[in-house]
Amino acid sequence: MGGCAGSRGHLSDSDSEETASEPQAPLLGSQGAHWKNAVGFWFLGLCNNFSYVVMLSAAHDILSHKKEAGNHTHVDPGPIPIPHNGSSRFDCNSVSTAAVLLADILPTLLIKFLAPLGLHLLPYSPRVLVSGICSAGSFVLVAFSHSVWVSLCGVVLASISSGLGEVTFLSLTAFYSRAVISWWSSGTGGAGLLGALSYLGLTQAGLSPQHTLLSMLGIPILLLASYFLLLTAPEHDPRREEEADTAAQQPLIGVDAPACQPNFGWNLSLQERWTVFKGLLSYIIPLVLVYFAEYFINQGLFELLFFQNTSLSHPQQYRWYQMLYQAGVFVSRSSLRCCHIRLTWILALLQCLNLAFLLADIFLRFLPSIYIVFLIVVYEGLLGGAAYVNTFHNIAVETSDKHREFAMAAACISDTLGISLSGALAMPVHNFLCRLP
């Protein structure tokens, strides 16, 4: 985030002056509408990322396929002293948890690549409906699956839901007060914490993975309610105060279709889009590196960071890693009002150092306690969350009104690209490490 603020080659001087002098107050008429939108975007962030996070938290269970049989209660096994692969020093699944990561991210990557090419032509409301349906379908399909590959198809549905929702809602922030970006980011961080914590807590309490997933079907309903009933109609022109005051009292479900699909920011030539995209590279590259490093840790190394000198079983250790990481993400994604970071490349460097340190421990086994890893995982989450929220805040501040909607949608490729690259590399690394004697 740090060096990003000065890198805006796609803005003219006049654009910069207009952006700098632009009022920070919400465009919608009343404070009541402002808070409705703030809370609405928080819930949208929470619900949009919830299924994605739960699938990553359940990755170890999906691959080891510890499903409930009939109506018997699932009981987590105790510590596993003998590796699945008897010739390896690690307790490895036959397939890396990065397989779940790839199923959970590649559809999102495809959606984000296609978004600048034509997704914007679809109205917002149908996109939100599809996102909610896919989210619900992911929970049901994974819960009732009897094979790893069917479960991975359910994970793909979660990815479609999350990717389509992120592109849609980040674009939509261009038509509200910039403050909603902070609320959206905090909500996505909340999804990480609540998603991982709920899966950990319910399975620790003795609920089966199947019943745990089915208990989360209220989340897609909350997503649709937040969009259609809580958000007020977007208003682009602050000079039309009377219309803004009227729109402020109207939930989106009562608005005609044209008002629900503001896409003036997409009326750019290909040359303009390319110019804007080049100006975004100083934001995109650090965020790609941050997410590459942290998800290589999460899905490539967590499974191998197994401590036998603890009462926690291997699946329990994996769930604790995921929950603590998401706790760090939630705190930092909610911190924009307290701390604004502009030099985002510093966060990328620190995250890469985390990766190198934990990878060294995989080989050398110098960390004596799992609690040291717990602290590192929280720190890893703090860096990742800070990179996300500050990147999109900087983009919102540094781009002109004309370019903002396109810029927000285009930049959201960053985290997905980094995660996809980490998943692709984590699988062969997992296989290599699991063959080590």
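How many helices and strands does the secondary structure of the chain comprise? The chain has 16 helices and 0 strands, where helices (H or I, at least four residues) and strands (E, at least two) are DSSP runs numbered from the N terminus. The model is predicted: local features need pLDDT of at least 70 and side-chain atom pairs count only at pLDDT 80 or more, whereas totals for chains, interfaces and linings use all residues. Residues are numbered from 1 along each chain as its sequence is written, and side-chain values use heavy atoms, with hydrogens and water left out.

Of the 437 residues in the chain, 58% are buried, that is, under 20% relative accessible area with a 1.4 Å probe, protein chains only.

Phe 292 and Phe 296 form a tilted pair because their ring centres are 6.1 Å apart and their planes stand at 35°. Both belong to helix α11 (residues 270-301), and being 4 residues apart they are separated by about one helical turn. Phe 296 is buried, at a relative accessible area of 4%.

The pair of Tyr 388 and Phe 392 is likewise tilted, with centres 5.0 Å apart and planes at 55°. These residues lie 4 apart in helix α14 (residues 370-398), about one helical turn, and both are buried. The charged end of Arg 333 sits over the ring of Tyr 388, 3.7 Å from its centre; this term requires CZ of Arg or NZ of Lys within 6 Å of the ring centre and within 35 degrees of the ring normal.

Notes:
Buried means under 20% relative accessible area, exposed over 50%, partly exposed in between (1.4 Å probe, protein chains only). Rings of Phe, Tyr and Trp (its six-membered ring) pair if their centres lie within 6.5 Å; planes under 30 degrees apart count as stacked, over 60 as edge-to-face and the rest as tilted.
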